[in-house]
Amino acid sequence: MASDLAVSDSVFEKQQQLLEKLARPAARSLSAYNAGLAAEAVQKKYGVTHVAKLASNENPLGASPLARAALEADACFSAIYSDASSMALRDALAADTGVAAGNIVIGNGSEDILHMLALAFLNPGDRVVTLIPSFGLHEIFPRMMGADVTMVGVNAQQEFDIEAWENALSGPAKMLIFSNPSNPVGCMLNREGFARIINAAPADCVLVIDEAYFEYCETDPEYPDSLRVLADQPRPWIVLRTFSKAYGLAGLRVGYGLASHPELVNLLDRVRTPFNINRSAQIAAVAALRDKDHVRESIALVSTQRGRVATELTALGFNVASSYANFLFFDCGRPATELAQRLLSFGVIIKPWRETGYENWIRVSIGNEQDNRQFIDSLKCILAEGAA
Ligand SMILES: *Cc1c(COP(=O)(O)O)cnc(C)c1O
């Protein structure tokens, strides 16, 4: 019986003290990743019929039918280990991107590759330069290794501040990490800005370009063709992409890195867990890669809906950053966590930002028409209550 396993208060206390003493200081002081809430929990707690889950930038169209069929066909092989080298997926990605399979690393989500990069390169005291506001793991994983993280802000227009980046990179830096388009702001670093930041980096700096939202702006003429720009420059680099967003496979966890050199892939292979990509993820990703129509449809939906939601938010008087990705970032003019809490009771999950200086900002994912409607209507209700 569970009660037999209960520990006394004094043992509990003793354990607590020992864990605090034994843990690495860098691990002990880490802040937790601010993950979106689960729809089921919100549905149950607030008794709402439909939850608009708009906090994790998921694809409202879901996975490609090709990926679903591939998953079903493989279901009876769950007893078999996955391919530790993800060879079929790396070959498919090589054909898709033009990067050799030996220069491709696969992760249990691209967050796994960010983790491997931190493990492989960062010593205590190393300096890492990244963005603020930022994707949390760009800061958390370097800090986990004891690195010093310099956060470069965006400018008043919520765009990349190229000069601030150049200044930040004028000193030593082991690694730079930024997402383009940026999460959470959604701003896009253009070709010129990209070249300037890359060229400003010290000669021995590892360049980590997180292109989680690549598919949403790859056809924009101003979006840098990073693989081409990086190809002939001497600093080690890696471009990260993912199946979680435009491909709609977030729950399966699969991302990839396109690296400057096979030795970079070898290094990451040594620090990763051997079977980090499960069978289903590998199989579904290969199938999803074949369904470009599904990706195009997903992009088109986001493009139309994002415009509508932005117009509504602007009409409500909010300052909305222009976005090239599948979410919008806006200043809601009051503590975002309180507004997020109110929205939960309407069955709407959004992401209140927590970083210093952004406590009034919200990131909302672009969902399907119904979910976006639910978000805007609920927001209007809350604002009307406030005015009454
Ligand atoms: C969503 C996201 C990721 C994580 O993607 P996974 O492949 O699901 O781990 C990485 N970077 C950025 C900037 C993201 O927004």
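A pocket, as the word is used here, is an open set of grid points where a 1.4 Å probe fits, with protein on both sides within 12 Å along at least five of seven lines. In this predicted model, the largest pocket has a volume of about 790 Å³.

**The largest pocket**
- The lining counts 38 residues, and Y33, N34, A35, F135 and K351 are the closest to the pocket's centre.
- Two helices, α6 (110-121) and α7 (137-144), each supply at least two residues of this lining.
- The biggest contribution comes from α7, with three residues.
- Sorted by class, the lining holds 13 nonpolar, 13 polar and 12 charged residues.

**K245, a residue with an annotation**
- An unreviewed UniProt entry lists K245 as "modified residue: N6-(pyridoxal phosphate)lysine".
- K245 counts as buried because its relative accessible area is 13%, and buried means under 20%.
- Leaving aside residues up to four places away in sequence, K245 touches S56, N57, N59, A212, Y213, Y216 and N326.
- With one of these, Y213, there is a polar contact between side chains at 3.1 Å.

- Not counting residues up to four places away in sequence, G102 touches R90, P262 and V265.
- G102 and L264 are 162 residues apart in sequence, yet their C-alpha atoms are 9.8 Å apart in space.

Notes: Residues numbered from 1 in each chain as written. Predicted model: local features only at pLDDT ≥ 70, side-chain atom pairs only at ≥ 80, totals over all residues. Heavy atoms only, no water. Contact = heavy atoms within 4.5 Å. UniProt positions renumbered as here; feature names shortened; annotations may be inferred. Buried < 20%, exposed > 50% of the residue type's maximum accessible area, 1.4 Å probe, protein only. Polar contact = N/O pair within 3.5 Å; in protein donor to acceptor, adjacent residues only side chain to side chain. 1 Å grid on protein atoms, 1.4 Å probe; cavity = no way out; pocket = protein on both sides within 12 Å on 5 of 7 lines; lining within 4 Å. Points joined across faces, edges and corners; volume = space filled by probe spheres on them. Helix = DSSP H or I, 4+ residues; strand = E, 2+ residues; numbered from the N terminus. Nonpolar A, V, L, I, M, F, W, Y, C, P; charged D, E, K, R; others polar.
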